[in-house]
Amino acid sequence: MHRLREELVRRLRRLLRTGVPIVQCAVAAGLAWFVAKNVVGHPLPFFAPTAAVISLGVSLGQRMRRSLELVVGVSIGIGVGDLLISVIGTGSWQIALVVALAMSTAVLLDSGVVIVLQAASSSVLVATLLPPASEGGLTRMVDAAIGGLVGFVVATLLPANPLTVAHRNGRLVLGALADALRGVAGAVARQDPEMAGDVLANARKSQRLVEEFRKALETGQEIARFAPIRWRRRGDLERYDNAAAPIDRALRNTRVLARRALAALRDGDPEPRPLPALLEELAGAVVLLRDELASGVDPLQTREAARSVAKKSTVEMLGEGDFSMQVVVLQVRSIAVDLLQATGLSRTEATAALPPLHPEAQRERDS
């Protein structure tokens, strides 16, 4: 019963997360039928609600450009299917010919994969379930256009919150980064190569989270650009967008750090004594970045925490380990720079926080 309740709660939460897209599809379908039937005067505008739902995306997360592509594909498939089936009839070879010509038309229009596939599926629908109407293919193409336009308007007037998915994916990405840094810190402190190997294996899976994070930001930016009631979210999304590329680099550098730490531990290299604490401090800066981005504030605390780590990653630490550990220390410096850039600093401003690798030469220049 406990597992059943947990599963029920999980499914209800998933339903609540998709509540806005479901309402969008329902409203768009009903409104598209009403407009096509009662305003335009089409007696059975089947493709109007169909195109409206398609334009909002079957996965409930399609971007607006993809929605327009889907509607174009529907229109091509309907047009080609209606014109040909009205002449050659319905059958196996007729369906094959209609699909081939609909897809070829989409390709000749220099269309993407989405339009080509949608043209094929729509032509099959016309050729099998909905034989040509007496008023011809133009009516159905108009219905598809009405549905697409209604879907676009509904998505603009009843938009999802563009920050919801950004927050969720941002937490996952930054959580993976913080976990990897803490994991390397623990492995180094315990001199445990097996633990370092597990950390590296998990870190290598994090790129998928980065890609999902970028897609979430693209979707959110399109909503904020087209939906007037979401314009005020642009600043929060911009903070996420500015941080996305540096976070990606920080994850890549952390994978290099984990790989070199694993090599050093296998070889029995001595680690710089301050290194585990420095990695923990770096993970803390990542958690600060996650919380400040989610709160919609400028990540100033993160900036100070990352700057503190950068100042402590001194050249003296390089002398306490062999090559692999030296690479680990250098990666700490790189990750600190990545986090400083994620807070809005330029690369020049971020690297200025690092202590010089050759302090003697720096002192000579300063004197």
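Predicted model: local features only at pLDDT ≥ 70, side-chain atom pairs only at ≥ 80, totals over all residues.
Biologist: What makes V142 partly exposed?

Modeller: Its relative accessible area is 31%. Buried means under 20%, exposed over 50%, and partly exposed is in between (1.4 Å probe, protein chains only), so V142 is partly exposed.

Biologist: Why can V142 belong to the nonpolar patch?

Modeller: A patch takes residues with over 30% relative accessible area and no salt bridge, joining like charges within 9 Å and nonpolar side chains (Val, Leu, Ile, Met, Phe, Trp, Tyr) within 5 Å. V142, at 31%, passes the area cut-off. The patch, which also includes V23 and F34, has about 920 Å² of accessible area together. Its largest share, 5 residues, comes from α2.

Biologist: How do you know that E280 and R182 form a salt bridge?

Modeller: Their closest N and O atoms are 3.9 Å apart. The rule wants a side-chain nitrogen of Lys or Arg within 4 Å of a carboxyl oxygen of Asp or Glu, so the pair counts. It links distant parts of the chain, with E280 in helix α12 and R182 in helix α8, 98 residues apart.

Biologist: What makes K312 and E281 a link between helices?

Modeller: Their side chains meet in a salt bridge at 3.0 Å, N to O. K312 lies in α13 and E281 in α12, so the pair ties together parts 31 residues apart in sequence.

Biologist: How do you know that α12 reaches close to its expected length?

Modeller: Helices (H or I, at least four residues) and strands (E, at least two) are DSSP runs, numbered from the N terminus. The expected span is 1.5 Å times one less than the number of residues. α12 has 21 residues and reaches 30 Å from first C-alpha to last, close to the 30 Å expected.

Biologist: What covers the buried residues of α12?

Modeller: The cover includes α8, α11, α13 and α14. Among the buried residues are L275, L282 and V286.

Methods
Residues numbered from 1 in each chain as written. Heavy atoms only, no water. Contact = heavy atoms within 4.5 Å. Areas by Shrake-Rupley, 256 points an atom, 1.4 Å probe, with all protein chains shown as cover.
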